[in-house]
Amino acid sequence: IPNSQSCLVDDAERVAAEIGFPVAMKVLDSKIVHKSDVGAVALNLNSRAEVSTLLAQFRERLGARRVLIEPMISDVVAEVIVGIKYDATFGHALVVGAGGILVELVTDSTTILLPTERISIEKKLGQLKLSRLIEGFRNSKRGDREALLDAITRLCDFAMAHRNEIVEIDINPLLVLEEGKGVVAADAMIRVCR
């Protein structure tokens with residue numbers, strides 16, 4: 001997750017200025033799981049005035065009290081969704097595919113039963129259309145495929161180490177940066193059994 005700071009809405013303008021523009025701002029509310037679905041995310045805010053305008057909207061529409069302020073991430077080649085879900089019949093499964101808003105627009109995902117190995121993840125990832133973006137589609141910059149595979153593999157290992165507790169993990173988007181620059185989880189949700 002990028003450098004970020006949660007704060008009361010009254011402190012958001014100051015915090016955004018301290019982090020440095022441009023920033024992203026998200027409403028923090030445990031009742032809002034998918035923030036973008038309800039307009040609880042603002043991107044590319046370039047000034048205190050823009051932050052102030054969005055805060056007023058967040059307060060009015062969502063009753064926002066706290067927000068998360070993060071620096072905007074540049075050099076993004078692709079957005080990936082990485083999820084792990086538990087099914088009583090099959091156990092835990094990994095889902096990887098085109099992330100961000102493309103999740104709902106493009107059917108480009110694959111599922112792998114856990115436990116699995118990096119080689120299997122790499123093979124399935126290579127079968128996705130998303131892989132072409134990561135490889136540098138139409139002479140665009142290549143994404144950090146190795147960092148993506150490392151992150152997915154570590155997530156699978158984590159889920160298996162905590163398999164008795166993990167019900168669901170959803171990272172969307174996992175931002176794949178230019179080759180050598182890594183990946184960044186822009187938003188994540190973990191659901192555990194209680």
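In the predicted model, Arg-145 has a relative accessible area of 15% and is therefore classed as buried, the cut-off for that class being under 20%. This residue belongs to helix α6, which spans residues 145-161. The side chain of Arg-145 forms a polar contact with the side chain of Glu-135, at 3.0 Å. When residues up to four places away in sequence are set aside, the neighbours touched by Arg-145 are Glu-122, Leu-125, Gly-126, Ser-131, Ile-134 and Glu-135.

The loop that runs between α5 (130-134) and α6 contains Arg-138. The backbone of Arg-138 adopts a positive phi of about 50°, although this residue is not a glycine. Arg-138 has a relative accessibility of 72% and so counts as exposed, since that class begins over 50%. A positive phi at a non-glycine position also occurs at Asn-44, where the value is about 55°. Asn-44 is located in strand β3, which comprises residues 41-45. With a relative accessibility of 44%, Asn-44 is assigned to the partly exposed class, because this value falls between the limits of 20% and 50%.

Two cis peptide bonds are described here, beginning with the one that links Phe-21 to Pro-22, with omega at about 0°. Pro-22 is placed in the loop that connects α1 (12-19) with β2 (23-27). The other cis peptide bond links Leu-114 to Pro-115, and its omega is about 5°. Pro-115 occupies the loop between β7 (109-113) and α4 (118-126).

The crossing of α1 past α2 is right-handed. On the α1 side, the contact involves Ala-12, Glu-13, Arg-14, Ala-16 and Ala-17. The α2 side contributes Arg-48, Val-51, Ser-52 and Leu-55. Classified by residue type, the contact between α1 and α2 consists of 5 nonpolar, 1 polar and 3 charged residues.

Technical notes
Residues numbered from 1 in each chain as written. Predicted model: local features only at pLDDT ≥ 70, side-chain atom pairs only at ≥ 80, totals over all residues. Heavy atoms only, no water. Helix = DSSP H or I, 4+ residues; strand = E, 2+ residues; numbered from the N terminus. Buried < 20%, exposed > 50% of the residue type's maximum accessible area, 1.4 Å probe, protein only. Left-handed = near helix turned anticlockwise from the far one by under 90°. Contact = heavy atoms within 4.5 Å. Nonpolar A, V, L, I, M, F, W, Y, C, P; charged D, E, K, R; others polar. Polar contact = N/O pair within 3.5 Å; in protein donor to acceptor, adjacent residues only side chain to side chain.
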